Amino acid sequence: MLGSANVTVSVVLLALVVGVLLPVLVQVFVTLRTLQRIALTIDKRMDRTLGELSSLTTRFERAPGNHQTAAAIGAAVAPAIVAAIQAFRHREHDPAEPESTTPANGARAEKEVRP
């Protein structure tokens, strides 16, 4: 009698484990397949972008006097790109703004403008 109870408990525990693991494994499979599709899309875009960059570099190398122009454009654009990246990273939370300006419902409170 004790042996059949152990077998029953073992079967029930196995069913529970399979019942818990099966949906998790299916979700992992779906997530990995989506990740693979995204990686393929990024790969295609990256190949196209690198090809365009290569052709642009070739055109700059062939044209006389464009090295200084390209350097000037890069020097002018680089600080703007860095500033945009920093602004994007800190967009969610502004450390200069106190937390108390956000009401309980999540909406931003209007700031008081003083002359």
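User: What is the mean pLDDT of the protein?

Analyst: pLDDT is the predictor's confidence in each residue, from 0 to 100. Here the mean is 77, and 71% of the residues reach 70 or more. Over residues 98-102 the pLDDT is below 50. Where pLDDT is low, the predicted coordinates should not be read in detail. This is a predicted model: local features need pLDDT of at least 70, side-chain atom pairs count only at pLDDT 80 or more, and totals for chains, interfaces and linings use all residues. Residues are numbered from 1 along each chain as its sequence is written, and side-chain values use heavy atoms, without hydrogens or water.

User: Is Leu-14 buried or exposed?

Analyst: Buried means under 20% relative accessible area, exposed over 50%, and partly exposed in between (1.4 Å probe, protein chains only). Leu-14 counts as exposed because its relative accessibility is 55%. Of the 115 residues of the protein, 1% count as buried.

User: Where is Leu-14 placed?

Analyst: Helices are DSSP runs (H or I, at least four residues), numbered from the N terminus. Leu-14 lies in helix 1, residues 2-62.

Technical notes. Helix = DSSP H or I, 4+ residues; strand = E, 2+ residues; numbered from the N terminus. Contact = heavy atoms within 4.5 Å.
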